[in-house]
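Okay, thanks for coming, everyone. I have one model to walk through today, so let me put it up.

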Amino acid sequence: MASITCKYHVHMPARWACEHCQINFCTDCIAIPKPGKLPSCPVCQRDLTSLGSGNLVTPFWQRLGRFFLYPFYPTPLLITWAMVGAGTGIVALFANSTLGLFSMVVLLVLLVGFAKYAYVVLEDTAHGHLTPRPYTNDLFTDNMVLPFKQLALMFAFGGVIFTVFDMFGYTMGWLAYTVIILTLPASTMVLAMEHSFFSAFNPLLIFTVIKRIGLPYLFMMGLLYLLSAALSTSQALLLTLLSPKVAAILLAFTGLYFWLVTFNLMGYVLYQYHEQLGYSVEIEAEVHAQPNAELTVSPELRATEILIAEGKSEQAAQRLAELIIDMPGNVEARERILKVARLNNDLVMHTKQGQEYISYLFHENKIGLAAKVYQNAVGFDKQFRPVRAHERVEIAQMLRANGQAKMAVTLLANLHTEFPSFDGIPAAYLLAAKMLCEHFSDDAKARQILQFVLKYYPSHALVPEVQDYLGVVEKLAVK
Ligand SMILES: [Zn+2]
Ligand SMILES: [Zn+2]
């Protein structure tokens, strides 16, 4: 199906390419850009080149069978048979009566109605809806002028051919005829895109469509020619094989059937080349690509993953830092930047981001997670400490509860030198003394800390409790 695949997701068709880095990206790698703007390369920041969602759309020549099946879906089948039934019924009823003219008018109305439906098929397909929509009445009431515009177009082209024959003779007339036959599908497609008679009659626009589709346009023309040949052959065959009445019904059916096949094909060509034609599609082809199992990070982080894969982890860290400023709640980015900082051995960034992350988690009241972040951070950088005194104390409490007393004691050490005005120092040091005594039997150190509290915070509310605990420690020491 797709000829070019993503460098990082080898099973995904590529949607964008960087000419500078020579990298192809899938839609999972590159966030959907704002309309009318090209996304930029995650590695070098230059504009990416679109490979066209054509790279994701199966080319029409690889799904020819689908065009022949389309009219057999319930809705088109129902509409086709309703038209055939109404048409042949009316002809049978009034053909030999004085109401012959009336039946002609009714037939014409039916044909216009069916032409309208054929345009619905063309436009839906061109928008990427590859199966028919369910029947609703507005299939026929909405935008009813379109088939009349097509009719007007036919008359206009007929007029041109007639005039050329009349004024310039036989050869020129046939030339005009051939040119018009060749441009008719493009003109129909322009009409479907623009809904404008004058656009569909504008040689410049028609020529642009043909040029942008390129060689496949000729291929499509060949197909359309074969389809019309198949139609007339099958109709001739029906006439010879069947009774006139049955043949009439089947003739009508095959005519309408090939009409839908043709419009489905033209719609699909518009869909396949919508990007070249500047035609917007409702269903981006992405949804037709297989879901990506290789995906590990959320869309915002993919650019940074690519930078890391390209060995540009410092840029990745920079990008993550910017992302965190924009989205402080992006925990994934915050976890990621710490890993990248460790990878880069960037202590400054590691400290800054680690401290900010922990403060963020405290703000969100996620102390357990903050304790985990601290554990990981201190595992990389022994000097790492949370930036606020109360964060250190609360993390220490959490660590102690989780049986990490050693780490907790370290976290509380020298709190008074770093945060002289912190009013929680007596409580923090009492906690440290308890851990030293209970977990490490370091009574001497515990006593020293408790005495320090009594000396420097003599009027603190915790003084009685500190004195009590000092008494316990001293008693233990005596034993
Ligand atoms: Zn990718
Ligand atoms: Zn690039």
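First, the housekeeping. What you see is a predicted model, where local features need pLDDT of at least 70, side-chain atom pairs count only at pLDDT 80 or more, and totals for chains, interfaces and linings use all residues. Residues are numbered from 1 along each chain as its sequence is written, and chains are lettered from A and ligands numbered from 1 in the order in which they are written.

Now the cores. I call a residue buried if 20 or more other C-beta atoms lie within 10 Å of its own, exposed if 12 or fewer, and partly exposed in between, with C-beta atoms placed from the backbone. A nonpolar core is then a set of buried Ala, Val, Leu, Ile, Met, Phe, Trp, Tyr and Cys residues joined through C-beta atoms within 7 Å. The largest one here has 61 residues, and the members touching the most others are F25, L320, I337, L412, A432 and A433. Helix 19 (residues 425-440) gives the largest share of that core, 8 residues. Helices, by the way, are DSSP runs of H or I with at least four residues, strands are runs of E with at least two, and both are numbered from the N terminus. There's another core apart from this one, with 47 residues, among them V121, M189, V190 and M266.

Ignoring neighbours within four places in sequence, L320 is in contact with T304, A333, R336, I337 and V340.

Pairing here takes at least two DSSP bridges between two strands; strand 1 (residues 16-18) and strand 2 have 3, and run antiparallel. One of the residues involved is W16, whose bridge partner in strand 2 is F25.

Helix packing next. Axes are lines fitted to C-alpha atoms, for helices over the stretch in contact, and angles run from 0 to 180 degrees between N-to-C directions. Under 35 degrees counts as roughly parallel, over 145 as roughly antiparallel, 65 to 115 as roughly perpendicular, and the rest as oblique. So how do helix 5 (residues 145-194) and helix 7 (residues 203-213) pack? Their angle is about 105 degrees, with the axes 9 Å apart, which makes helix 5 roughly perpendicular to helix 7. T183, A186, S187, M189 and V190 of helix 5 make the contact with L205, I206, V209 and I210 of helix 7.

Then we have helix 8 (residues 215-241) and helix 9 (residues 244-272), at about 170 degrees with axes 9 Å apart. That pair is therefore roughly antiparallel. The residues that meet include L223, L227 and L231 in helix 8 and L251, F258 and V261 in helix 9.

Not counting residues up to four places away, F67 touches V261, N264 and L265. F67 is buried because 21 C-beta neighbours fall inside 10 Å.

L450 in helix 20 (residues 443-456) is buried too, with 27 C-beta neighbours inside 10 Å. Beyond four places in sequence, L450 touches A433, V466, Y469, L470 and V473. L450 and L470 are 20 residues apart along the chain, with 6.4 Å between their C-alpha atoms.

Most residues other than glycine have a negative phi, and most peptide bonds are trans. Which way does phi of H195 go, positive or negative? Positive, near 60 degrees. H195 is in the loop between helix 5 and helix 6 (197-200), and is partly exposed, with 15 other C-beta atoms within 10 Å. S441 is not a glycine either, and has a positive phi of about 50 degrees. Its loop lies between helix 19 and helix 20, and S441 counts as exposed with 11 C-beta neighbours inside 10 Å.

That's my tour; over to you.

Methods
Contact = placed C-beta atoms within 7 Å.
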